[in-house]
Every structure is written in structure tokens, then in C-alpha cells.
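Me: Hey, I'm new to this one. Can you walk me through a few bits of it?

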Amino acid sequence: MTAEATATAPALALDAPRAERARADVPVKARVERLSFWYGAKQALHEITMPVHERCVTALIGPSGCGKSTFLRCFNRMHDLYPGNRYAGHIWLEPEGIDIISPKTDPMIPRLRIGMVFQKPNPFPKSIYENVAAGLRIRGVRNRAVLDEQVEKSLRWAALWDEVKDRLDASAYDLSGGQQQRLCIARALAPEPEVLLLDEPTSALDPIATAHIEELVDELRSRYTIVIVTHNMQQAARVSQFTGFFHLGRLVEFGETEQIFTNPRESMTQDYITGRFG
Amino acid sequence: MQALDRSLDRVRAARRRDLLFAALALLLLFVASLVLLGLILDLVLRGAPHLDLDFFTSFPSRRPSRAGILSAWVGTTLVMVVVAAVAIPLGVGAGIYLEEYARRNWLTDIVEINITNLAGVPSIIYGLLALGLFVHGAGFGESIFTAGLTLALLILPIVVVATREALRALPREMREGAFALGADRWQTVAMFLLPAAGPGILTGIIVGLSRAIGETAPVITVGALTFIAFLPPSPVGSEFPWVNFDWLWSPFTVLPIQMFNWVSRPQPAFHDLAAAAGVVLLVMTLAMNALAIYVRYRARRMLG
């Protein structure tokens with residue numbers, strides 16, 4: 001690590017490996033600091049340190065089982081739903097500096113501020129309208145006019161409005177897979193979260209639906225901080241500004257997407273990106 | 001050519017075996033359903049001539065021509081109201097707690113084993129328990145309330161197990177989706193899981209109630225009367241507050257007991273009356289099952 005690199009990342013000059021390299025000129029929405037995670041006795045994440053930049057897309061890539069989804073699910077404490085899981089380290093959510101994974105932080109706090117879209121579209125067995133309104137109803141919104149407005153706005157953000165505006169009362173299960181996934185995005189956007197987590201959102205979709213969602217992610221970047229897990233390296237290169245490469249539960253390299261894909265510092269990153277393993 | 005012959009032999013052998021098995025299965029099916037059909041047919045043929053309005057509006061009598069099932073069907077209805085009011089909230093609540101709230105430890109393991117075993121306890125044992133606990137211990141007497149509690153206890157494991165299984169069958173993505181939106185545990189259960197598990201839970205409830213409606217032994221044990229020529233006090237009155245619960249403490253009889261009483265008489269005319277009451281009981285049970293099937297069918301259509 002050179003003096004020049006340290007100068008660009010003053011906030012993260014810990015003893016962490018060279019994995020993290022925050023851009024000082026881009027504000028940070030969350031700081032992951034020496035995060036480790038265990039499923040029972042099995043350690044799935046090892047001392048991960050990296051920034052999540054505000055209003056940027058951060059892509060997490062790596063071979064299957066490398067821990068990228070596990071890492072993503074730490075941000076909204078999804079692991080708390082199952083017994084025997086344990087976190088160590090910190091994820092500081094800015095600007096307040098709340099430690100998301102501290103046992104003292106109620107898991108509802110990050111979940112109310114961070115939205116998530118899952119790998120498989122998982123709409124609720126309700127109408128299209130009620131799916132989008134669900135997050136608002138959870139937050140106690142009852143006013144019909146407010147709900148109507150926010151449902152329309154969210155469906156427009158998710159580029160689904162024109163396709164469903166005439167059948168908001170139809171079951172969400174009547175939609176195609178790609179539409180269902182955009183509905184799930186609208187559902188996550190409706191409460192206007194600060195961060196949006198996307199866990200391989202296009203892995204179950206055909207190329208056209210995938211292109212739709214990639215365009216969407218690019219547009220949403222102006223309003224939201226997005227973290228996206230993807231198997232698809234072209235996708236990471238297309239939609240993200242920052243990329244983290246995971247392998248065996250460790251963050252091998254983190255940097256600006258262009259640098260990762262054109263001039264990786266680690267030979268392992270180079271090998272993965274060029275398809276020599278993974 | 002030889003290879004083709006060999007595979008043709010295999011196909012022929014396989015067809016023969018399939019045919020043999022299908023014939024055997026069909027035969028067994030016929031035996032089983034014919035016995036049942038015969039029983040029902042006999043019941044209907046003997047009971048049908050008695051099924052007129054008088055039969056439903058008359059009290060039991062020593063003269064078969066004037067005897068009816070008024071007190072029995074009113075008793076059955078009122079007892080079932082108590083059973084439903086007790087068993088549904090208790091059973092569904094316990095199922096939700098065990099599946100969604102309780103942490104897995106030795107205590108919940110014991111509760112779980114016990115509930116499974118309770119479903120296999122002979123119903124007369126519940127009657128004996130209720131005789132000691134409700135009739136004498138708690139002083140509820142030989143009343144509609146006691147019978148309702150007893151039968152509710154009897155079907156509680158059915159409702160609990162059905163609730164748990166309906167909740168467990170929901171995909172974990174649904175739970176995760178709700179929690180990820182910031183829902184608390186109660187919102188997750190009430191807004192998302194219960195509506196989705198509703199048809200399964202309702203099926204369990206109706207299976208339980210159909211079981212309770214036909215039970216005889218525990219109701220006799222807690223002291224249902226076999227001959228009763230009056231109705232319990234009306235639940236709705238003409239004066240404020242227009243409802244009263246005196247009927248809960250009234251002596252009563254139920255359809256299966258009325259049948260039991262008539263069957264044990266020597267005169268054959270009473271046996272036909274028992275058949276008629278049997279038809280009524282059968283129709284009530286079938287109606288509940290039909291309702292369960294309809295509800296499931298509708299729910300499945302809605303979910304696509």
C-alpha cells in the first residue's frame with residue numbers, strides 16, 4: 001500500500017487489507033468494518049471492510065458460495081430470522097452512524113430504512129396494488145389518497161405502471177416473471193428507502209426482462225444507494241460504479257468498477273474476470 | 001431385430017403388470033365404497049319417510065309417530081357454537097405461537113410431542129377428564145358449556161396441527177419479504193402469513209368440527225340427557241341487552257345421543273327414526289366438508 005493510496009482513503013486507514021479504497025470525493029452511505037459472520041459454527045464471512053458510496057451502484061461479484069449474498073443479507077439483518085447465526089464487526093449506517101449489526105440495534109431499524117429485492121420474485125399472494133402498498137401499510141399509512149399516489153409513483157419508478165395501470169386489483173401472480181420482479185422492486189421502493197439491496201435480481205429472468213431491470217437500476221441510482229449481487233460480470237460492469245470481488249468469504253478486492261475490470265490489482269480478480277475460474 | 005424383440009417383451013410384461021395392479025386396486029375400491037354406499041343407502045331408505053317438518057319441530061316422545069329431533073338439533077347447534085368459539089381462537093393461537101413465535105427448545109419439543117399424542121387419545125378419556133375437571137371440579141354442571149369445552153378440547157390438537165402445517169407450508173420467501181419491508185412479527189403474521197395460510201387453517205377447523213359433531217362417548221360421560229322435552233333458554237331476548245347466555249348452563253342432548261337412545265328401544269319404528277336422525281347428522285357433516293372444499297377451491301383460484 002503506497003502513501004498515495006492512503007491519502008485517497010483517509011477515513012479507512014485501518015489495518016484492514018488493501019481491499020477497501022474509498023473515494024474521498026464521493027459520500028459514503030454505509031461503512032462495513034471488519035464484518036465476520038457465522039452460520040452456526042461455520043464462518044461464512046471473514047473480516048470484510050469496504051464502503052458503500054451514496055447514490056452509486058455497488059456490485060458484488062464472485063463465484064457461487066463466496067459469501068456475497070450472505071454479505072448482502074447482513075445489511076437488513078435477514079440472518080436474524082434463523083437461529084444460530086452470529087455477526088461480528090460493524091456496519092455503520094450514515095449519516096447517524098448507527099451500527100446495523102449491533103445486538104443493541106433492533107433489526108427493524110435497518111429494515112425500515114433499507115429495502116431488498118430477492119433472487120426469486122416473491123410477490124405476496126395479494127393484488128398488484130396491495131403488494132406495492134404493503135410497505136406503507138406496515139408503516140401505518142391508511143390514507144387512501146396517499147397510498148394511491150405512492151403506489152402509482154413506485155410503479156412508474158419500476159417501469160411497470162403502463163403495463164398494470166388497468167388491472168391494479170388483479171392478483172400479482174397473474175404477472176410474468178419479469179413483471180413480478182419489477183413489482184417487487186416497486187414494493188421495495190414504495191416506502192422510499194435510503195438503500196436498496198438487490199440479490200441477483202435478474203437470475204430468474206430472460207434477457208429482455210434483464211435489460212429492463214438493468215436500465216431501471218441505472219435510473220434509480222440518482223435517488224438511491226444500491227448494492228447489487230450478481231453472477232453476471234457484464235451486468236456488474238454495465239450497471240455499477242464500484243465493485244467488490246468476493247472469494248471464499250473474503251473480500252479480495254474492492255474498487256471503482258472500471259479499475260476492477262480493466263486493471264485489477266489482484267491476480268485472483270484478474271483470473272475470475274477473464275473466466276479462468278468461477 | 002433381437003434387441004427390438006427383447007424390448008417389446010419388456011413392454012408387454014410391464015403392461016400386463018400395470019393392468020393386473022389396476023384391476024386389483026379397482027376391486028378394493030369397489031369393496032370399500034360399496035360397503036359405505038350400502039350403509040348410507042340403508043340409512044336414507046329407512047329414514048327418508050320420516051324427514052318432514054314435524055320431525056324437526058317435535059320433541060322426542062314415547063310414541064314414535066310424534067317423536068322428533070327438535071331438542072337434539074338445537075342442542076347440537078348450540079354445543080357446536082361453544083366448540084367453535086373455544087377451539088378456533090385457542091387452537092389457531094397456539095398454532096401461530098408454536099410456529100412463528102416460540103424458540104425451539106426442550107419445552108416446545110415436549111409441547112409438540114404432547115399435541116401430536118393428544119390427537120390419538122380415545123375420546124372417552126376426554127369425557128372422563130371433563131367429568132372430573134369441568135362438571136365437578138369447576139362446577140359447570142352437566143351443561144351445554146361443559147359439552148362444548150369437552151369437544152373443543154378433543155379437537156384442539158387437530159386445529160393446532162392444521163394451523164402449524166398451513167403456516168409451515170408457506171414459502172420462506174414470503175416471510176423474508178415481509179420482514180425485509182420492515183414488518184414486525186405480528187404484522188408479518190396478521191397481514192401476510194395468516195391470509196395466505198387461511199384456507200389450510202379453515203380446512204383443519206372444519207375437519208375438527210366435523211369430528212366433534214359426531215362424537216357421542218365424551219358427551220354421554222359429561223352427562224348429556226337421552227330424553228329431553230324442552231329447549232334451552234333462548235340466546236336472544238326481547239328485553240335489553242337482547243342476548244343472554246343462560247343457555248350455556250342448560251341441560252341438553254345432541255343428535256348422536258338421540259340416535260343412540262332410539263336405537264336402544266325395542267320398537268322397530270324408533271330404529272327408523274334413528275336412521276332419519278342419522279341422515280340429518282350426515283348431511284350436516286357433509287355440508288361442512290363441502291364448505292371446506294369450496295373455500296379451498298376459491299382460495300386456489302384467487303392465488304392463480
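Me: What should I know before we start?

Reply: This is a predicted model, where local features need pLDDT of at least 70, side-chain atom pairs count only at pLDDT 80 or more, and totals for chains, interfaces and linings use all residues. Residues are numbered from 1 along each chain as its sequence is written, chains are lettered from A and ligands numbered from 1 in the order in which they are written, and side-chain values use heavy atoms, leaving out hydrogens and water.

Me: OK, the sheet. In what order do the 4 strands of chain A's open sheet come?

Reply: The order is S2-S1-S4-S5 in chain A, with antiparallel pairing. Strands here are DSSP E runs of at least two residues, helices are H or I runs of at least four, and both are numbered from the N terminus. Two strands pair if DSSP finds at least two bridges between them.

Me: And which are the edge strands?

Reply: S2 and S5 (98-99) of chain A, since each pairs on one side only.

Me: How many bridges join S1(A) and S2(A)?

Reply: S1 (residues 28-39) and S2 (residues 42-53) of chain A pair over 8 bridges. Leu35(A) sits opposite Ile48(A) in S2(A), and Tyr39(A) is opposite Lys42(A). Their hairpin has 2 residues between the strands, and Gly40(A) there takes a positive phi near 60°.

Me: What about S1(A) and S4(A)?

Reply: S1(A) pairs with S4 (residues 85-93) of chain A in the antiparallel sense, over 8 bridges. Ser36(A) has Ala88(A) in S4(A) as its bridge partner.

Me: Switching topic: is Leu220(A) buried or exposed?

Reply: Buried, at a relative accessible area of 3%. Buried means under 20%, exposed over 50%, and partly exposed in between, with a 1.4 Å probe and protein chains only. Leu220(A) belongs to helix H8 (residues 207-220) of chain A.

Me: What does Leu220(A) touch?

Reply: Not counting residues up to four places away in sequence, Leu220(A) touches Trp157(A), Ile185(A), Leu189(A), Leu196(A) and Ile226(A). Contact means heavy atoms within 4.5 Å.

Me: Last one: at what angle do H4(B) and H6(B) pack?

Reply: H4 (residues 106-118) and H6 (residues 144-168) of chain B pack at about 125°, with axes 8 Å apart. Axes are lines fitted to C-alpha atoms, for helices over the stretch in contact, and angles run from 0 to 180 degrees between N-to-C directions.

Me: Which residues meet there?

Reply: Glu112(B), Ile115(B) and Leu118(B) in H4(B) meet Pro157(B), Val160(B), Val161(B) and Arg164(B) in H6(B).
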